[in-house]
Amino acid sequence: MAGAEGRDGWPKPLDVGNGRVCASFAADGSWLSLGCPHPTHGFVELNGAPAFDEAQRGRPDAVRRYRDQLTLAGNAALRLTGAVPELAPDPGPAGRPRWSGADRAGSYQAEAWAVAGRPAVTLRHVWRAGPDLRPRRVVLVASARLQRPAFAEITEVSPLPPPPSAASAAAQGTALQLRDRALPAAARLDVAVAGGSAEGWRLEAGAARLPIAWDPRREPTLELTVTCALSLDGPPDPPDPPGDHPGGPPDPPGPGRPRTAPLPPGRLHLPARLRPRLSGLVDGALGYVLGCTALAVAPGERCIVTDHRLLQLSWTRDAYYQASLLLAACRLEPHALGVVAEHLRWLWGRCDRTGGWMRSHLPNGAVKDQAFQADQQLYPLLELLDYREAAGAWPEAPPGHAGWGELVADTWRALPVDPDLGLVAGEENPADDPASLPYLLSTQVLLWHTATRLRALAGELGLEARALAGTADTVRAAIRDRFVCPGPFGTQWAYETDGRGRSRRYHDANDLPTAFAPLWGLCPPEDRQWSATMRFALDPANPGWSPGRWGGLGSAHTPGTWPLGDIQEWVATSLLGDTARAERALERLLAVAAPDGLLPETYHPGTGRWLARPWFAWPAATLAALALGAWTAGLDGASGG
């Protein structure tokens, strides 16, 4: 692990969810948040962190400081004070985080889980008496409020005004209810105490406190079970009686169930000694997507957000790679296929596509960021095609549509393709930064791949196979003609071009399609132009490269080494036959990964310490999908064309 140079052993909070609600806990067991989709505001969350300073919008350093605030135990929505020893966190079996510790007063254990079938999460604490039998007092402190998240972005486009607040709190015994009628939303905290006595919640300025007394001489064990439930239109229902599950928390469907991920052999270099660790990452990424980012918004509809705490927004790009993991794992996880079908209905039905899919959308389908990214018009098509391949049939179409043919045809016709060049243009690149030139290489690779896939199913969709074949041929030729430029390793492809002589030589960690070109069949791994492009991408000659002991491919968007860049390095060097470098890239990914399997946006190239986004589903989902064999079918059919 990278800890030898000061990297934290646990670089992020611990998370649980059941696809209806999602929660995070600090390394010391403090309860940081509980959130869920909201029909008006997109998402609501119970948390105790300071509000984002709206005057700091658009300032990257301020955004990163605010995101760090969301991880701190001192900003917990709910925390314990009193007889709690120093704790060691553990991701636990099947994604149920646990904490444990001991001192002279005795031992302490805690475990959290999402309640099956309810918008609620439970945290259970258990103390067992030790040599010191003096009476003790524990206080549960709630410093929480309900709010719509700030959605603070590094590159702001369309910030939302803060919603009004009409907060209130009420207590009855060990039940505490927090409401905000302006949202509207409500949270109910129910506490069950066994082996001790609770005095009832006390409402104070800025917090509520629940004192609990325990005398180990009379009761050797104290058990404290806290359940928090969210509701969007009225008071949440009280929890089930604690005796319903005497043996412990029930197994929820889907997320939380133990899995063993068989990793198939393939062209990607994967030494046997790394397989167990990669299998653990697969399980962690799959559990996070099913529990915390693939969130139900209506019957039969599900949004896939980029993460559940920093940006509870949907990018079709991020969602595609998470859906790809679910499709690759559909034989391991029986709920995965249905989740993707529900996401497709949300994506093509509820989501506002008036001008195409915008940079990001709220979980209620409304546009959040009004910026057009060309690749994000293509990923929904690919996700639909991937579902058809995995399921052997099309999913149920969104309400008001008899089938998928018209939806696909309209989307395809709306693409801003230059009639002379055959290339598709966009305002922003996949890093959410303004494009320097209109035509991005990775987007054209994606366009070719989508046209090729659509051609194979043109008959089922009522499309013209010949026209799709012509589009694919035109794009492939344009890549070889319009993007060609000299490079340090020979003639390569430019990052972006105007198609008429101007180009930019660069490569970014966000541009996975370029690295995946042989996996998708655009070219063989031996292709000289692709090989030179990727050798440049993974070299200090590339302005996107971050040098250092933990150095690798990064992005101008956020400095540092990016796991998405490491994934590209693993793929490209595997295909180029450099197995030693591929193994180092994979080892670096596994070393940087959190114990629960998630990866950051970026980490320090000198130390391996996480630098940005402690919650980010895209990189771990992509790595896990590759480990399960996603996107490798094109290798057998790759040709130089």
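Is Pro184 buried, partly exposed or exposed, and what is its relative accessible area? The structure examined here is a predicted model, in which local features need pLDDT of at least 70 and side-chain atom pairs count only at pLDDT 80 or more, whereas totals for chains, interfaces and linings use all residues. Residues are numbered from 1 along each chain as its sequence is written, and side-chain values use heavy atoms, with hydrogens and water left out.

Pro184 is partly exposed, because its relative accessible area is 36% and the partly exposed class lies between buried (under 20%) and exposed (over 50%), as computed with a 1.4 Å probe on protein chains only. The residue sits in the loop between S13 and strand S14 (185–194), where strands (E, at least two residues) are DSSP runs numbered from the N terminus. When residues up to four places away in sequence are not counted, Pro184 touches His38 and Leu232, contact being defined as heavy atoms within 4.5 Å. Pro184 and Leu232 are separated by 48 residues in sequence, yet their C-alpha atoms are 5.9 Å apart in space.

Strands S13 and S14 belong to an open sheet of eight strands with antiparallel pairing, ordered S6-S7-S8-S9-S18-S14-S13-S12; two strands pair if DSSP finds at least two bridges between them.

Strand S7 (residues 98–103) pairs with S8 in the antiparallel sense over six bridges, and the two form a hairpin with two residues between them, Asp103 standing opposite Gly106 in S8. S8 is also joined by nine bridges to strand S9 (residues 120–129), which runs antiparallel to S8, and Ala112 stands opposite Leu123 in S9. The hairpin of S8 and S9 has five residues between the strands, and in this hairpin Gly117 takes a positive phi near 75°.

An open sheet of three strands, also described by antiparallel pairing, has the order S23-S26-S27. Its edge strands are S23 (439–440) and S27 (503–504), each of which pairs on one side only. S23 and strand S26 (residues 496–497) are paired over two bridges in the antiparallel sense, with Leu440 opposite Glu496 in S26.

Leu440 is also among the residues nearest the centre of the second largest cavity, together with Gly426, Glu428, Pro438 and Thr443, in a lining of 14 residues. A cavity is a set of points on a 1 Å grid over the protein atoms alone where a 1.4 Å probe fits but cannot get out, and lining residues have an atom within 4 Å of a point. The second largest cavity holds about 70 Å³ of space, while the largest has a volume of about 210 Å³. The largest cavity is lined by 20 residues, with Trp315, Asp432, His557, Glu601 and Arg613 nearest its centre.

Terms used: Helices (H or I, at least four residues) and strands (E, at least two) are DSSP runs, numbered from the N terminus. On a 1 Å grid over the protein atoms alone, a cavity is a set of points where a 1.4 Å probe fits but cannot get out, and a pocket is an open set with protein on both sides within 12 Å along at least five of seven lines; lining residues have an atom within 4 Å of a point. Grid points are joined across faces, edges and corners, and a volume is the space filled by probe spheres set on the points.
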